[in-house]
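Have the sequence and the 3D view ready side by side. We'll take a walk through a disulfide, some strands, and then the spaces in and around the fold.

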Amino acid sequence: MSTTSRITAAALAAAAGMTALAGCGSSGSSGSADAKTVTLVSHDSFNASKSVLAAFEKESGYKVKMIKGGDAGEAVNKAILSKDNPQGDVFFGIDNALLSRGLNAGLFTPYTAQGLDSVPADLQLDKDAHRVTPLDYGDICVNYDRAYFTEHKLTPPQSFDDLLKPQYKGLLVTENSATSSPGLAFQLATIATHGEAGWSDYWKQLKANGVEVVNSWEQAYNERFSGSAAGKGKGDKPLVVSYASSPPAEVMGKTPAPKEAPTGVATGTCFRQIEFGGLLKGAKNEKGGKALLDFLLSKKFQEDMPLQMFVNPARKDAKVPELFTRYGATIDKPATLAPETINKNRDQWIKQWSSLVLK
């Protein structure tokens, strides 16, 4: 999931005690410095506990260097543009909406990571070639500000059709499909729900009902959404496209723990996002890259993920923290689209969406 595009606001990071990766390099760095350094290229939302990372460095003998490349879509595009001289050894954060773009560009060298047999088959979208390894999943959904709807005596929307109702006019902010992975996932959810023949008409109606579009998740959630702690309630949109796991982030660090999160999830508006990692073709430290991929799929890292990046671990035997399960929404039937369908239509869908919504 990328996210993409995660709950990474500084206030929440501080509350959780999150730390940057040790040995982190600047965004302008490239490649592994030597055989004792392994470089991870990712979107901006990657994070890991200092102790978990230190354990890998001690056990493996490698120092981890981090290069972050913006939103997931931006990071993937940078990786493709630099594929003949890759920035690092491993890429983390390409999701199922963008996967075919990376595979078609020949970004990755096949590798079967240790622990892959603990990952459910439905997450292994490249199970025949093993060019990428599934590392996490989550659901992108409309979130709502509970206080706003209580104050205005409104029932929060729960479905795509609800968002078209006049009582929700001008209340929703979403991300640009062309620049944001959550924005693209939300568009794909409407396509999965309304079909290839009906989604464009749905967006015409959504535009007529006052949907606002911004370029990134950070803008949408932290600046425009009224329920964001990081935004301190300055936003005026009580509906935002975010994650089913966003509510736990709003609760984390609060004492005493509230009965419910201040934000909720419209469970009928969700799209399942799967994030992958892969060994970059032409990696300068291929051996270190393989060790890093094994680590990313290890139980130690997988169990650290939920409260660091607010995603579900790919391993079915990884335990998820109580905070995550108590306050997050469980989506039983998220919208999905076959990877080959996304691959065939994605670029045209984005162009069509841009023409419909941004003009």
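This is a predicted model: local features need pLDDT of at least 70, side-chain atom pairs count only at pLDDT 80 or more; totals for chains, interfaces and linings use all residues.

Residues are numbered from 1 along each chain as its sequence is written, and side-chain values use heavy atoms, with hydrogens and water left out.

Start with the sulfurs. The structure holds one disulfide, meaning a pair of cysteine sulfur atoms within 2.5 Å. Here cysteine 141 is joined to cysteine 270, with 2.1 Å from S to S. The two cysteines come from distant parts of the chain, 129 residues apart: cysteine 141 belongs to strand S5 (residues 133-145) and cysteine 270 to strand S9 (residues 263-280). Strands and helices here are DSSP runs numbered from the N terminus, with at least two residues (E) for a strand and at least four (H or I) for a helix. The link of cysteine 141 and cysteine 270 is right-handed, at 115 degrees about the S-S bond. Buried or exposed, where does cysteine 141 fall? Its relative accessibility is 0%, so cysteine 141 counts as buried; the cut-offs are under 20% relative accessible area for buried, over 50% for exposed and partly exposed in between, with a 1.4 Å probe and protein chains only. Cysteine 270 is buried as well, at 4%.

Now follow S5 to one of its partners. S5 and S8 run antiparallel and are joined by five bridges; strands pair if DSSP finds at least two bridges between them. Look for tyrosine 144, which stands opposite leucine 239 in S8. S8 also pairs with strand S6 (residues 172-175), this time parallel, through two bridges. Valine 173 has valine 240 in S8 as its bridge partner. Why is S8 (residues 239-243) described as largely enclosed by the rest of the structure? Because five of its five residues are buried.

On a 1 Å grid over the protein atoms alone, a pocket is an open set of points with protein on both sides within 12 Å along at least five of seven lines, a cavity is a set where a 1.4 Å probe fits but cannot get out, and lining residues have an atom within 4 Å of a point. Grid points are joined across faces, edges and corners, and the volume is the space filled by probe spheres set on them. The largest pocket has 15 lining residues, with Asn312, Phe324, Ala329, Thr330 and Ile331 nearest its centre. S5 and helix H12 (322-327) are the elements giving two or more residues to this lining, and S5 has the largest share, three residues.

The second largest pocket, about 190 Å³, takes us back to S9, which gives the largest share of its lining, three residues. Among the residues lining this pocket are Phe271, Arg272 and Ile274.

The largest cavity holds about 40 Å³, and its lining includes Leu172 and Tyr168. The second largest cavity is about 30 Å³, with Lys83 and Leu280 among its lining residues.
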